[in-house]
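The following note sets out points for discussion with a colleague. Please read each one beside the structure.

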Amino acid sequence: SVDSAPMPFQGYRIIFVNQYYYSKLEQDLLLRCEAAGNQIVLLYQGLDQEQGETRPFQAQKAWELLKIKPQITLYKCEDERQAVLAFLALQAPECAIIDSQFSRKDYAAYFPSRDLRQPQSLPIIDSNWYRVQRILLELLQNLQESPGFIPLRLILKYFNSPQMLQPLCPNWQQQDYLAFEQQLYALHNSEVLYLDLNPQAQFTDPESQIMQFATALAEILKRLMKISSIQDIAALMDTDLAPQRFSTTDELQKSDLLPQVWTALANFMASESLAIVRSWSDIFTVTYLGLYELWLDYLKSIKLKRLPTEDQSGKWEISNLLDSRNRCFPRVAVFNLVEGVLPQSPSPIWLLNEHQRKIMGLKTYEDIRDWDRYYFFRLLFCAREVLLFTYLNAEEAIEYSSLIGELHGFATLQEVFCRVDERGLL
């Protein structure tokens, strides 16, 4: 228990800065540290000193107390891609980009790597290699619903950039990407709903880009459908699923992705050597689907480390609300300021509902939403110039962030409706 745990240090002054939320365990640890003769200092704008709990952050009051208020511009765009193009068109000088999804988005490829300063850690789920594995899993799952046919909507959704197409068609040039896009949308406009898992039965021109792409994708999916053991996954990791094939140059050269993946694979294979499971078909209804998803779930918790490089002079620093919570930037750009992303949407209920979590002193969605709100306003109020990027999509139920509405209540925002021609920019 906390009370009986040995205290490794005494007589220290311990300072906590802008820790918005303290769990029950953290509160007990603070009291234990204080009882051991340490001086505890909590620096925060809204902490109830008596109860050790946070009070709702009064954004309007904090705004009114600012002696120098930031210049805030709100860019309303068609979609997230247009929002990023609008930022690039500004040619902004040194700036912090707040976007927790940056590394897993296709639009990251629009940014020259020399202009970026990336976070020191990267969840493997945000790597391009892992993202491709998840896409392949989704395609396999859909093949269960429509055997032999790949939904065209998923191809349109995921394979819409050179970064996603190059691993499958490594010899393509710019004109090939453009031709593929035209052929793909021609199918869509003709109300074609699926790609055949046997492309020769659907397309007649072997030189067409759509045929080349469909053939390469079908070959990978067919090999995945032959998985019957972890050994089969290991074999594919040397060929079709190799990290070297689907990772970006930065991930391979500037992170420890390769040793992390190979170490995880070795440990994953060891579980099969224990012979705990007689046959994977006894556990999974569809063996290849179950094993492949098990492998990807096994990788989820891995955090990659970025290797130190000599050049750290990029003008745009990629960050997120939590990593930037004790920092100030003269200029801040916030991407994807839409409801469900910022503030984030609630996670699916697992084991305990929100009421039960609150009773047990665990963090709830209300806590998460409050700290999103606090760190967002704190970041804005400490800046001199703020660029906010948002968009609407009625079909996908994407709405402007509620934080924008709150900001409108007390601050003056310059609104810009923008549409950028990417041909003149990229």
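1. Against which helices do the buried residues of helix 9 pack? They pack against helix 4, helix 8 (209–224), helix 10 (243–246), helix 12 (257–273) and helix 13. Helices here are DSSP runs of H or I with at least four residues, strands are runs of E with at least two, and both are numbered from the N terminus. Contact means heavy atoms within 4.5 Å.

2. On the basis of the note: this is a predicted model, in which local features need pLDDT of at least 70 and side-chain atom pairs count only at pLDDT 80 or more, while totals for chains, interfaces and linings use all residues. Residues are numbered from 1 along each chain as its sequence is written, and side-chain values use heavy atoms, with hydrogens and water left out.

3. On the chain as a whole: it holds 16 helices and 15 strands, and its C-alpha trace spans about 75 × 60 × 45 Å along the principal axes. Of the 426 residues, 44% are buried. Buried means under 20% relative accessible area, exposed means over 50%, and partly exposed lies in between (1.4 Å probe, protein chains only). Among contacts between residues at least 6 apart in sequence, 77% join residues at least 24 apart.

4. On helix 9 (residues 230–237): the buried residues are Ile230, Ile233, Ala234, Leu236 and Met237. Viewed down the helix axis, these buried residues fall within an arc of 165 degrees, so they line one face of helix 9. The arc is taken from the directions running from the helix axis to the C-beta atoms.

5. On helix 9 and helix 13: their axes are 10 Å apart and the packing angle is about 65 degrees. Axes are lines fitted to C-alpha atoms, for helices over the stretch in contact, and angles run from 0 to 180 degrees between N-to-C directions. The two helices are therefore roughly perpendicular; that term covers 65 to 115 degrees, whereas roughly antiparallel requires over 145. The crossing of helix 9 and helix 13 is right-handed, meaning that the near helix is turned clockwise from the far one by less than a right angle, and left-handed means anticlockwise. Ile230, Ile233 and Met237 of helix 9 meet Leu291, Tyr292 and Trp295 of helix 13. This contact comprises six nonpolar residues, no polar and no charged. Nonpolar covers Ala, Val, Leu, Ile, Met, Phe, Trp, Tyr, Cys and Pro, charged covers Asp, Glu, Lys and Arg, and the others, Gly among them, are polar.

6. On helix 4 (residues 128–145) and helix 13 (residues 287–299): the axes come within 11 Å and cross at roughly 155 degrees. Helix 4 is therefore roughly antiparallel to helix 13. This crossing is left-handed. The contact includes Trp129, Leu136 and Leu140 of helix 4, and Tyr288, Tyr292 and Trp295 of helix 13. Its residues divide into eleven nonpolar, three polar and three charged.

7. Gln91 is exposed, with a relative accessible area of 62%. Phi of Asn336 is near 55 degrees, again positive in a residue other than glycine, but Asn336 is buried, at 4% relative accessible area. Asn336 sits in the loop between strand 13 and helix 14. Pro343 is placed in the loop between strand 13 (331–334) and helix 14 (354–359), and a cis peptide bond joins Leu342 to Pro343, with omega about 0 degrees.

Methods
Angles under 35 degrees count as roughly parallel, over 145 as roughly antiparallel, 65 to 115 as roughly perpendicular and the rest as oblique.
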